[in-house]
Amino acid sequence: MSESKFTVTVSQELLHSELSERSPLPNLRQKILAIRNSLRPGQQQMADWQSGPLAISAVPGAGKSTGMAAAAAIAIARQYEGSSSRRQLVVVTFTRSAAANIKAKIRKFLRDDLSLPQTGFFVYTLHGLALNIASRHSDLSGLQLDNVTLITPTQSHRFIRTAVEQWIANNPGIYLRLLEGHQFDGEETERLRRQSVLRTEVLPELANTVIHEAKSSGISPKKLREWSKQTTDEYAILSVAAGLYEQYQNLMRSRDFIDYDDMILAALRVLENDSARRIEQNQVFAVFEDEAQDSSPLQTQLLEILASNGDKGGNSSLLTPNSSLNLVRVGDPNQAINSTFTPADPIYFRHFCEECDRIERLATMDQAGRSTRIIIEAANFALKWINNQSLAKTNNAQQIPDNRQVPFRLQTIRPVETGDPQKNANPAPVGQGLELYTPRDIHHTVELLSQRVIELFGEDPTQNSAAILVRENRQGRWLAEALTPICKEYKITLYDVGERDRRSHVPQEILALLQFCDRPHSPDYLKAALEALVQRQLIPTQDLNALASLPEEFLYPGPLAAPQPETVQKAARLCRNLLRARLELPLYQLISFLALTLNYDQAELATADKLAERVNQQIAGNSSMGGMLSALSEIVSSERFEPVETEDSEERYTRRGQLTIITMHKAKGLDWDYVFLPFLHESLIPGRFWVPPQSQFLGDFTLAEVARAQIRAALHGESTIPDVTQAWEQAKHLKMSEEYRLLYVAMTRAKRLVWMSASQKAPFTWSKPENLQEQAPCPVFPALKRQFPESVVNLAVINK
């Protein structure tokens, strides 16, 4: 939509006149105008918002967070001028680090540019907002925070496993049908194998997928059963899923456990009450949402109710120009990269954009100053080429294309205009700015990549930042191992995010030491504890097998034993101190003591305190070492225990003079001067759906992905729920689209150089990187080589 059609755009003269008439603060209007004039056109449209719904579709590098912070500060300033009430602006974003970042920017605008108090707003993550509402009205939400335990279960969690076993016991006939699969000769060994696959893999995966997908959309097990009646598949997959979901919910309620979706549901229960809803709405004059493409249906409903002025809200499909929905949503549907493993789906933000466009409330932020021009051209080309390929396949299938059948919203990135306030906007390229390599194999890839890194860091490494973006952590681990000696030789700091940023080592290390304290004479537990102490550099590296083989002799050597070397004595003393603490300290202090013993840093200590609180709460009333070990073992084996972040992760990942290895997913929202994208093969991007051989007796599909596609079809309001074959094809398309969006995100992280490669030989699976075979490149890679021939690097010249 053109800017001229944008109805909430306010000319400078009109804005100046309006503020002059009603401003009790004579200088405030000039300060607001100064902020507005420092923004780009798309950001100005956000800053001009005064009421009603507004969608902003932004390209990568367009300055979404800066524009939102400026718009938020201006909206707060207008509240100071025009209203005696002190309603608050609520700003919602996706992660805690993003929330901290935008909060700091709003405060800076209020303090430095507007000379106003740094109040009048709150910044939350979506779950933080929900928890805040639910905890203020615990009688309505049903959440008593002192009595519940928050978990983030994986498919191996005890509740998921127990739900599977209970469902099997209650539904022997349906289970037998699954066991038979497509064909079954009744052979006992095969029956036992299939039982194991169903109990430990297929059904837990189905349960985990459907619980997240349905629960985050407000879908009950009863509703799933109703949808199942509209399907004709032989396994009644949605009915099976509904039964598993129901068992899981019963288990969670019986133990007073909640997951993150329960927070949203609890907040919505509060807002169903007229009195509580008015109380919450009367505290808020508007809601601004960042990263709106990553919201689930329930999260969107929560924000719409909160942003509605005195009514129930929650229906963006009925927007009007005079709507009471004071909601500004900013996002980029082309950066939606979470929909295949979370319930987020870019279709909802696309729909909001379409509705806002219909009432002339859509703004586009399409100018971006992050990247040099050739990187912008390459990203735009990739987007259009991928969409064209997708449409060609759709037309060949004789289907009518719609908004969901292309991976991208057609949105072109434009460089900024001359005089843009961003420093060094659209910087000059380094080399060609885009470099395309076809190495022989992955070892040749490392050789070429390391040569380029050495060149780029050669003159003054402290002036530049660089990152290698990988599709999966196994690639990152292999690369880190290969690059470590080279980086040491050339004094380049190598930061492997996958290895060093996982705080999951805190529960694992604490568990290792506690298991040793519980059974010090176990060689396995002693060795695990010693490995943790070596990893933390508390004892020197030595032959741990020799020490662990005779635990008693190592810990308490007799008078006739040979003298222990100093390194062994140090290890033994530390282990004896642990055992002494076990005898002298109460259980609830043990985890904190072990964290101090392991010399944890600030973030690790905070994570250990969070772990201790969780474990002590879980074993309250049955406090014993056995209970503590059981709770810890479950957390380590079957949960994603979230760390406490005490420093800015963005700064940690993008330090100058550092080569960061990070996954493409984790790189979203960050940028570096130089970005390396190795291993761009078709097997990973866009990848292909793969049915594990052990579960192929059910058919050429997986129950979990079919269920996900059927649920989404029902949520999207499609006339019929697809059958198994159609659902499987839709699931494939969903994955392909998301993988291409992930590549687009990765390319647009680079400021001055994006280095891309697809080697001729690569592993079939990165769990066995030594097994190389011919691999086809990602389909867009040859297209880029044809479109940008000057960027194709001649390896024959380099090798000379």
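Predicted model: local features only at pLDDT ≥ 70, side-chain atom pairs only at ≥ 80, totals over all residues.

Colleague: What is the geometry of the pair formed by Phe381 and Phe788?

Modeller: An angle over 60 degrees between the planes counts as edge-to-face. Phe381 and Phe788 form such an edge-to-face pair, with 90° between the planes and 6.1 Å centre to centre.

Colleague: Which parts of the chain does the pair link?

Modeller: The pair links distant parts, 407 residues apart. Phe381 belongs to helix H17 (residues 373-396), whereas Phe788 is in the loop between helix H34 (780-787) and helix H35 (795-799).

Colleague: Are Phe381 and Phe788 buried or exposed?

Modeller: Both Phe381 and Phe788 are buried. Elsewhere, ring pairs join Tyr437, Phe676 and Trp755 into a cluster.

Colleague: Which charged residue lies over the face of Phe352?

Modeller: That residue is Arg329, at 5.0 Å from the ring centre.

Colleague: How many residues does the largest nonpolar core have?

Modeller: The largest nonpolar core has 120 residues, and Ile106, Phe288, Leu469 and Leu483 are among those with the most contacts inside it. Helix H4 (residues 64-82) gives the most to this core, with 11 residues. A second, separate core has 49 residues, including Tyr175, Leu698, Val724 and Trp728.

Colleague: Leaving aside neighbours within four places in sequence, what is Leu483 in contact with?

Modeller: On that basis, the contacts of Leu483 are Val446, Leu449, Ser450, Ile468, Leu494, Leu659 and Ile661.

Technical notes. Residues numbered from 1 in each chain as written. Heavy atoms only, no water. Core = buried A, V, L, I, M, F, W, Y, C linked by side-chain atoms within 4.5 Å. Buried < 20%, exposed > 50% of the residue type's maximum accessible area, 1.4 Å probe, protein only. Helix = DSSP H or I, 4+ residues; strand = E, 2+ residues; numbered from the N terminus. Contact = heavy atoms within 4.5 Å. Phe/Tyr/Trp six-rings, centres within 6.5 Å; stacked < 30°, edge-to-face > 60°. Lys NZ or Arg CZ within 6 Å of the ring centre and 35° of its normal.
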